[in-house]
Amino acid sequence: MSDPRNVAHDKKVTQEKAHHTEPTGGARPKKGRGKQRAAAPDQNDAAASTPGPTEQLKVEHAPGDLEKSVAVLSKLKDMEFHSRANIETLAGLILTIEDELKQKEFSDPIGGLYAAQDGFHTKIAALIETYEAKCESLKPST
């Protein structure tokens with residue numbers, strides 16, 4: 001059974017996504033507004049001819065992007081921490097199975113798990129490094 005807090009959080013996230021994907025400011029024309037559709041390309045052409053504002057739009061980020069990205073980074077780091085703990089646990093299990101229990105037939109499958117977990121750990125560590133750089137780029141320059 002799922003935790004009610006998780007259900008409430010998922011509902012909030014879904015509502016936020018729906019709110020952020022609604023058309024605003026003429027980004028996507030609504031049905032029945034043919035006159036505005038014809039006027040929109042002229043406005044876009046005027047905006048495209050001035051390089052200053054379009055360059056600023058590329059640099060600006062939606063409000064809350066930094067906070068959301070930091071939350072994602074935190075979750076990635078938590079996963080990396082647990083991955084490291086899994087590697088240590090698997091290493092301990094390999095030693096127990098091979099040395100104490102003398103069950104060599106299980107050392108290869110656990111060794112495979114160890115290798116897979118180590119590969120995951122390597123990839124998530126690299127992802128964290130690049131995502132940290134992305135978070136730094138989202139910080140407002142003062």
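Start by selecting Gln-117, which is found in helix H5; helices here are DSSP runs of H or I with at least four residues, strands are runs of E with at least two, and both are numbered from the N terminus. The model is a predicted one, in which local features need pLDDT of at least 70 and side-chain atom pairs count only at pLDDT 80 or more, while totals for chains, interfaces and linings use all residues. Residues are numbered from 1 along each chain as its sequence is written, and side-chain values use heavy atoms, with hydrogens and water left out.

With Gln-117 still selected, its relative accessibility is 17%, so it counts as buried; buried means under 20% relative accessible area, exposed means over 50%, and partly exposed lies in between, with a 1.4 Å probe and protein chains only. Show next what surrounds Gln-117: leaving aside neighbours within four places in sequence, it is in contact with Ser-83, Asn-86, Ile-87 and Leu-90, where contact means heavy atoms within 4.5 Å.

Move on to His-121, which also lies in helix H5 and is buried, with a relative accessible area of 16%. When residues up to four places away in sequence are not counted, His-121 touches Glu-80, Ser-83, Arg-84 and Ile-87.

**Helix H4**

Now select residues 65-100, the 36 residues of helix H4. The expected span of a helix is 1.5 Å times one less than its number of residues, and for H4 this gives 52 Å, which agrees with the 52 Å between its end C-alpha atoms. Colour the buried residues of H4, which are Leu-66, Ser-69, Leu-73, Leu-76, Glu-80, Ser-83, Ile-87, Leu-90, Ile-94 and Ile-97. These buried residues pack against helix H5, residues 107-138.

**The nonpolar core**

Which residues make up the largest nonpolar core? Select Leu-73, Leu-76, Ile-124, Ile-128 and Cys-135, 5 residues in all; a nonpolar core is a set of buried Ala, Val, Leu, Ile, Met, Phe, Trp, Tyr and Cys residues joined through side-chain atoms within 4.5 Å. The elements that give two or more residues to this core are H4 and H5, and the largest share, 3 residues, comes from H5. Centre the view on Ile-124, which touches Leu-76, Met-79 and Glu-80 when residues up to four places away in sequence are not counted.

**Salt bridges**

Side chains of opposite charge can pair when their charged atoms come close. The structure holds 3 salt bridges, each defined as a side-chain nitrogen of Lys or Arg within 4 Å of a carboxyl oxygen of Asp or Glu.

- Select Glu-132 and Lys-77, which form a salt bridge with their closest N and O atoms 2.9 Å apart. Glu-132 lies in helix H5 and Lys-77 in helix H4, so the pair ties together parts that are 55 residues apart in sequence. Glu-132 is partly exposed at 30% relative accessibility, and Lys-77 is partly exposed with a relative accessible area of 38%.
- Select Glu-80 and Arg-84, whose side chains meet in a salt bridge at 2.8 Å, N to O. Being 4 residues apart in helix H4, Glu-80 and Arg-84 are separated by about one helical turn. Glu-80 is buried, with a relative accessible area of 14%, whereas Arg-84 counts as partly exposed at 36% relative accessibility.
- Select Glu-136 and Lys-139, whose side chains meet in a salt bridge at 3.0 Å, N to O. Lys-139 counts as partly exposed at 43% relative accessibility.

Most residues other than glycine have a negative phi. The phi of Lys-102, however, is near 55 degrees, a positive value in a residue other than glycine. At 58% relative accessibility, Lys-102 counts as exposed.

**The whole chain**

Finally, zoom out to the protein, which has 5 helices and 0 strands, its elements running α-α-α-α-α from the N terminus on. Buried residues make up 13% of its 142 residues. Among contacts with a separation of 6 or more, 67% are between residues 24 or more positions apart. With the surface displayed, the protein exposes about 11,600 Å², of which carbon and sulfur atoms supply 58%; accessible areas come from the Shrake-Rupley method with a 1.4 Å probe, and for residues only the protein chains shown count as cover.
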